[in-house]
Amino acid sequence: IMTKMVDRDQAAGLRSLMICQAPETARVFTIAGGKARVGKTSVVINLAAALAREGQRVLLIDENPCHNNICSNLGLQARFDLLHVINRDKTLDQVMLQGPNNVTIVSAMRGIQVLNKLNPDEQDWLIKSFSEFTRNVDVVLIDTAMTGNTHVLPLSLASEQVMIVISGSAGSMTGAYALIKIMSQEYAKHHFLILVNKVDSESEALAIYHNLFMVANQYLTVTLEFIGYVYSDEKLRSATQLRRSVIEAFPVSLASICFRQLAERVSRSSRPDKSPGGIENFMQRLIRMSHLSMENFTV
């Protein structure tokens, strides 16, 4: 009897050790902006490249239309998308495009738009498709569409973290504030990462962040965390024209340094809202959020 008890204790100890040593689940970040032309898609592409350089396996989920999405910016063409997976015409592996290094891309605009129409069997199929892919991904970055008739908020609400990209323009600031306001007041999202793009100095970036922080602190119950900034760098524009990441094309440029620093901070960031990690949990939350009234999604 004592031997059996010891064996059981040893087995329990081994299971506990395996749990402790199990790899962390994939982190999911939505990159959003309250105004077009803040450089959101460029941030997604270059942050992904910087994370991949660190050995992270990155999945990009792209909600943008074809003419200005991640694929078009990288000179790629997506023959299939998330809707093909939902309809069971293709597997998730078959719709994924291989980007630079450890980066894969899924075009998701059409699929996201029909999530609230899926029956339970279709929902289970989609969640299962993503859960099988979980072991192959460390970080998920979501590039949300900017137009008012898409599911910007469900994608943001389903993510563990929302990164708001702002610039110094008045439109960028007011748009970002409106987005933060509706997510905090209507959907209890209270923590946001703030990235300041297209600046000439760190002091300028901090001043722009401070302005948004002061307004939000006065009127909203939110936490805004400064996650970094990106220089207005001619090398970044040149890399975009070459359809490459600036990390790959100009690795010692000022913009590349900024994105490497951003990647380090993203990797170290915590889960403030204590949402369960992983792609499977993200997809479950996304499907739930897609059933919310679309009337509330205009910001």
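This is a predicted model: local features need pLDDT of at least 70, side-chain atom pairs count only at pLDDT 80 or more; totals for chains, interfaces and linings use all residues.
Residues are numbered from 1 along each chain as its sequence is written, and side-chain values rest on heavy atoms, with hydrogens and water left out.

Helices (H or I, at least four residues) and strands (E, at least two) are DSSP runs numbered from the N terminus. Strand β2, residues 58-62, is mostly covered, with 5 of its 5 residues buried (under 20% relative accessible area, with exposed over 50% and partly exposed in between; 1.4 Å probe, protein chains only). In a regular strand, side chains alternate between the two faces of the sheet. In β2, Val58, Leu60 and Asp62 lie on one side and Leu59 and Ile61 on the other, and both faces are covered. Strands are taken as paired if DSSP finds at least two bridges between them. β2 pairs in the parallel sense with β4 (residues 103-107) over 5 bridges, and Val58 has Val103 of β4 as its bridge partner. A further 5 bridges join β2 to β5 (residues 139-143), also in parallel; here Ile61 is partnered by Ile142.

His191 lies in strand β7, residues 191-199, and is buried at a relative accessible area of 10%. Its side chain makes polar contacts with the side chains of Gln161, at 3.3 Å, and Glu225, at 3.0 Å. A polar contact is a pair of N or O atoms within 3.5 Å; within protein, one must be able to donate a hydrogen and the other to accept it, and residues adjacent in sequence count only if both atoms are side-chain atoms.

Helix α11 (residues 234-241) is capped at its N-terminal end by Asp233, a side-chain oxygen of which lies 2.9 Å from the backbone nitrogen of Lys235. Just after α11, Arg243 adopts a positive phi of about 60°.

The largest pocket holds about 680 Å³ of space. Of its 24 lining residues, Arg37, Val38, Gly39, Lys40 and Asn68 are the closest to its centre. A pocket is an open set of points on a 1 Å grid over the protein atoms alone, where a 1.4 Å probe fits, with protein on both sides within 12 Å along at least five of seven lines; lining residues have an atom within 4 Å of a point. Its volume is the space filled by probe spheres set on the points, which are joined across faces, edges and corners. α2 (40-53), β7 and α11 each supply at least two lining residues, and α2 gives the largest share, 4 residues.
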